[in-house]
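Keep the structure open as you read.

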Amino acid sequence: MRKRDHNVLTNAASLLICGLLAGVVVAAAAFPAVAMSGLAAKAGAETFGALPTELTVARAPQISYLLASDGKTPLATMYDENRRDVKLADISPYMQKAIIAAEDHDFYKHNGVDINGVARAFVNNQNEAAGRQGASTLTMQYVRLAIAYSATHPADVVAATEDTSARKLREMRLALQVDKEFSKDEILTRYLNLASFGNGAYGIYAASQVYFGKPPSKLKIEEAALLAGMVKAPTTNDPTTKAGYPLALDRRNYVIQNMLDIKAITQQEADAAKATKLEVKDKRTPNGCVAANVNSWGFFCDYFYRWWMQQETFGSTSYDRERRLKSGGYTVVTSIDVQAQKGADAAVRRAKSENSKEAAMVAVVEPGTGRVRALAVNRQFKLDDPKKPKNKISSDPAKSRKGIRGNYPATVNPLLTGGDGIAGYQAGSTFKIFSIVAALEKGIPLSYQINAPQQFKSEYIIDSSSPAACKGTHFYCPTNSNNKAGGVQNMWSAFAQSVNTYFVPLQQQVGAENVVDVAKRAGIQFRASSDAKFASTKDYAHQWGAFTLGVSSTTPLDLANAYATLAADGKYCEPIPVQEIRDPEGKKLDIANPRCEKRFSTDVARAAVDAARCPVGDNSSTSKCGGSRTAAIVKSVVDAPVAGKSGTTDSEKTAALVAMTKQYAVAGIMADPDWPQTNVKMKHKEKDGINPPVYETLRDAMKGKPRINFEPPGQKISEGDQRSIPDVKCQSVETAKSRLKGAGFEPIVSETRVPSSCKAGDAAGTSPDGRTIKGGVVTIQVSSGGGATPPGTNNPGNGPGNQPGRPGTGRPGG
């Protein structure tokens, strides 16, 4: 705080005169007859001397700006009061002179209180026929504003602004002190940053933007005069209203004349300014996500807002956090990538119109940082007007019968990110990646083979009445969507073809609880209560047989981030919508830094990605993808090394696709958010399916970006330390276990018996047979007798099928 030199005698004289005048003014207000008595003057001097001299100045509310990741494209603004403090050097000299001409000609001459002005006001106000005069200097007006903004109770605000002599005395006493502590330029700057200019504009920066669409440094004489003339009565002198326009014009010309009188401008300048037509833009600054710079970006903006409201850095309560956002004057460089966002917005709308009940949802995450680069859905981000609703009737029959409207084309629900009742959507076979990771962590290599039948009889117990149960049993028996056996598959080929009866037995071997744990570590949240129950303990998760087929609800954001974790060599990063946050002083806040930790080994992550290259038409030097791919077009469209996976759920109620490069992970889900049990079949490859929005978004995001290859996995995790499995056929189970352990394998005994020429109760064979990784799991199949030889010692399966691991589960695949 810079102090100016003051003449001690002058200050002392000012205090004495103000004290004496204060007594006269107070007396005049209450007892005109005794106003000039010596008693009044003496009392006033004593009272004035006892008034407080310290002014508590709190920072006035400041607008916060949200920008795109380029640091310049506007995203949105958030404010309680539209204000942005600026330095005096950034305010036009005409504006500085105009406010002095309008409010305080002697601003640079007095010591905070204009003694002559107080005296003139007193004499004038004794005449009832004359209009009342005030004697407030700019310094006193600043004091009044500062008290109001520093108030902690509504009563204090009233006291700071009520028209009483007591308030005037307090302002005079504090103004003298302020004038001692601050330079005149500092006082002028503070005043211009606090003053209200109407139409939601607080401070000169907001005013110049609202009325003229320019920074305050560019204000001309006539523009500055208009704004200076508004501070006394911004509502009355409002140039944007029919009634206020002529008053504002008169007031503007009055200020211009005053600028001439104090020699701030020349006669020629004054004449030209008065002759200029009064034109204002009346462009109120947008506020909040519903007024985002681009409407479709509102979903990203809303995600940012929800993220901010969860950060304890900004306050211990939600109220405190919201006030910090809307009053703290932050400049937030968000993570939204304009190129990726525009591509995503266009892609989802090419697939589905905003009036479609099917929502095409796409999320883009940057591997290695967790920064959310785009969020897009074929919806308008706004509330439907309840008085004049335009949304369609809900697709949910129960709601439709009651005339309840759905969430299309307009909604503010977090469809892409979850929360507020949005649990997510089944993502189908995209979840098979978690079984791959769990298997790799158990030492099972990518080359691990299973002979996948059309239907696999698992050891998972479900309701015997379920269509997913083997007939006459309570065992979960998934099938393949193409009604064919998968045959012998490895992880590459099974993932490429989405062979259900490969992944259910694989999950069974490694333990469903371990697969669920991988999903958790990758960032999948279990928002639905039924999902959360299954995921809550190992015992529950152990029986979640259909988990690998994607029956759990997730969001496009969580799914994109899970795959991004693998693309980043196993480094998980919390999804974050910001790149940089600066406070009003320009200080960077650490809260914007990525929050990452290693959750999977580099070898495991690279091996999982190597398998994920197969479904989307890519290969590495180590991959053995086979021929068929579920989304082979992705590679050619994106024209870069890619990985990913498609997914379909029971009766095709949802459709999903993940596609990623080293720089971007894109996840898309198509579903009906209003009615998850929709009777509409969601599509994949068609132009109105989910695949085009995903790979077109990735293609557009990658324009101009380098093509970076995924690192291939090591030979051991790809091929494993292959060892021959002993032939234990027709031996006792205990003998078989002993031989397998002796050979370096981990034997488990199947609870399901298979027809065999071996004696009932003996080993019928193993799964796998032949060769497998050293230390790998080998399942001993137990003979039920009957003389028949099983078609293969291994009996897992293939293709998109599904087991209801929880109520309402269908048959995902894809």
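**Sheets and helix packing**

Val749 stands opposite Ile780 in strand E22. This is a predicted model: local features need pLDDT of at least 70, side-chain atom pairs count only at pLDDT 80 or more, and totals for chains, interfaces and linings use all residues. Residues are numbered from 1 along each chain as its sequence is written, and side-chain values use heavy atoms, with hydrogens and water left out.

E22 covers residues 777–786, runs parallel to E19 and is joined to E19 by 7 bridges. Strands, like helices, are DSSP runs numbered from the N terminus (strands E, at least two residues; helices H or I, at least four). Two strands pair if DSSP finds at least two bridges between them. The open sheet here has 3 strands in the order E19-E22-E20, with mixed pairing. E19 (746–756) and E20 (763–767) each have a single partner strand, so one side of each is left without a neighbour in the sheet. The twist averages 30° from one strand to the next. Axes are lines fitted to C-alpha atoms, for helices over the stretch in contact, and angles run from 0 to 180 degrees between N-to-C directions. Helix H28 (733–742) packs on this sheet and touches E19, E20 and E22. The direction of H28 makes about 160° with that of E22. Contact means heavy atoms within 4.5 Å.

Now turn to another open sheet. Its 5 strands follow the order E5-E4-E17-E16-E15, with antiparallel pairing. E5 (372–377) and E15 (643–648) are the edge strands, each pairing on one side only. Neighbouring strands are turned by 5° against each other on average, direction ignored. E4 (359–365) pairs with E17 (665–671) over 7 bridges. In that pair, Val364 stands opposite Val666. Helix H15 (338–351) lies across E4 and E5, at about 20° to E5. Helix H23 (556–567) lies across E4, E5, E15, E16 and E17, at about 35° to E4.

Next, a helix pair. H10 (221–230) and H11 (244–261) pack at about 110°, with axes 8 Å apart. They are therefore roughly perpendicular (65 to 115 degrees). Residues of H10 in the contact include Leu226, and those of H11 include Val255.

Finally, take helix H14 (318–327). Just after H14, Gly329 takes a positive phi of about 70°.

How values were computed
Angles under 35 degrees count as roughly parallel, over 145 as roughly antiparallel, 65 to 115 as roughly perpendicular and the rest as oblique.
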